[in-house]
Amino acid sequence: MTAINVDDVTKIYGEGHTAVRALRDASLELRDNEFLALLGPSGSGKTTLLSVIGGLLAPTSGRVTIGDTALAGMSKKEQTRFRANRVGFVFQGFNLVPFLTARENMTVMGSISDAPRSEIEARADQLLDELGLTDRKNNLPEQLSGGERQRVAIGRALVTDPDLILVDEPTASLDTELGTQVVRLLATEIKTRGKAGIMVTHDLRMVEYTDRTVRILDGELLDEA
Ligand SMILES: Nc1ncnc2c1ncn2[C@@H]1O[C@H](COP(=O)(O)OP(=O)(O)OP(=O)(O)O)[C@@H](O)[C@H]1O
Ligand SMILES: [Mg+2]
């Protein structure tokens, strides 16, 4: 089944002579269980594409469908529910809540999703273990290393068991060994739990854990065999 359908999406920031065309007629299809690597230089539109797919940003034209749901047809409230229940984001800057511990940063997502609390707590402990963070779970973000923060952000994205995983450079702060471990965890989640995922990366070594690579240049998607 088609997990994500991006159809002819253009995104223009601003207007007039300061307008930036961040996406140009971008089309992309992703099936269930597919893990896609998105490669492209800085400023090429990678974060913009993830934001449009995850319903954080409305496209200027074109449409995005997740499963059989068109994002544009949803009310603001429905979009928020959709994001809370079905999308796991790992942002480029992690965006951890500074006054919550590592574990709380992960479980806080449960309070805005419809998943039962006990399920979220159990998943958080399992993910803390898989991400090698169990003995750091009570630390605040400022008491964590960059790589630990990055792993907390990944755990937070997975804790609600979303259908769609959107990760923006998940290995930027990790060494090769940890980076590989984290990307394999993402790949396993996608394969065994019926998800679809897109990972922005600059690290070609991580591409081998994905099914397919798509490149983006100046807002245009170039498919690759
Ligand atoms: N909110 C915004 N307002 C105006 N222009 C923006 C905005 N966000 C991004 N842009 C511009 O849109 C283009 C694409 O940005 P985007 O963040 O998608 O790039 P990226 O591929 O994720 O880059 P990086 O690898 O550096 O994270 C860039 O030229 C950027 O300056
Ligand atoms: Mg970016």
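Here are some notes on this predicted model, as numbered points.

1. Ground rules. Residues are numbered from 1 along each chain as its sequence is written, while chains are lettered from A and ligands numbered from 1 in the order in which they are written. Local features need pLDDT of at least 70, side-chain atom pairs count only at pLDDT 80 or more, and totals for chains, interfaces and linings use all residues, with side-chain values taken over heavy atoms, leaving out hydrogens and water.

2. Overall build. The protein has 6 helices and 10 strands (DSSP runs numbered from the N terminus: helices are H or I with at least four residues, strands are E with at least two). The radius of gyration is 17 Å, close to the 17 Å that the globule rule gives for 225 residues, so the protein is as compact as a globular protein of that length (C-alpha atoms are used, and the rule is 2.2 Å times the number of residues to the power 0.38). Along the principal axes, the C-alpha trace spans about 50 × 40 × 35 Å.

3. Of the 225 residues, 49% count as buried (under 20% relative accessible area; exposed is over 50% and partly exposed in between, with a 1.4 Å probe and protein chains only). Among contacts with a separation of 6 or more, 71% come from residues 24 or more positions apart (contact means heavy atoms within 4.5 Å).

4. The magnesium site. Ligand 2, a magnesium ion, has T47 (OG1) and Q92 (OE1) as its protein donors, 2.0 to 2.5 Å away (donors are N, O and S atoms within 2.8 Å of the metal, or 3.2 Å for Na, K and Ca; water is not among the atoms, so sites may look incomplete). T47 belongs to helix α1 (residues 46-53) and Q92 to the loop between β6 (87-90) and α3 (102-112), 45 residues apart. T47 is partly exposed at 34% relative accessible area, and Q92 is partly exposed at 44%.

5. Helix α5 with α6. The axes of α5 (residues 146-158) and α6 (residues 176-192) come within 12 Å and cross at roughly 5° (axes are lines fitted to C-alpha atoms, for helices over the stretch in contact, and angles run from 0 to 180 degrees between N-to-C directions). The two helices are therefore roughly parallel (under 35 degrees; over 145 is roughly antiparallel, 65 to 115 roughly perpendicular and the rest oblique). R151, I154 and L158 of α5 meet L178, V182, L185, L186 and E189 of α6. By class, that gives 6 nonpolar, no polar and 2 charged residues (Ala, Val, Leu, Ile, Met, Phe, Trp, Tyr, Cys and Pro are nonpolar, Asp, Glu, Lys and Arg charged, and the others, Gly among them, polar).

6. Helix α4 with α6. Here the axes come within 11 Å and cross at roughly 140°, so α4 and α6 are oblique to each other. R123, L127 and E130 of α4 face Q181, L185 and E189 of α6 in this contact, which divides into 2 nonpolar, 1 polar and 3 charged residues.

7. Helix α3. The buried residues of α3 are A102, R103, N105, M106, T107 and G110, and they pack against α4 (117-130) and α5. R103 has a relative accessible area of 17%. Leaving aside residues up to four places away in sequence, R103 touches E121, D125, L128 and K137.

8. Strand β8. V200 lies in β8 (residues 196-200) and is buried, at 0% relative accessible area. The C-alpha atoms of V200 and L39 are 6.1 Å apart, although 161 residues separate them along the chain. Beyond residues up to four places away in sequence, V200 touches L38, K46, L50, V167, D168, E169 and P170.
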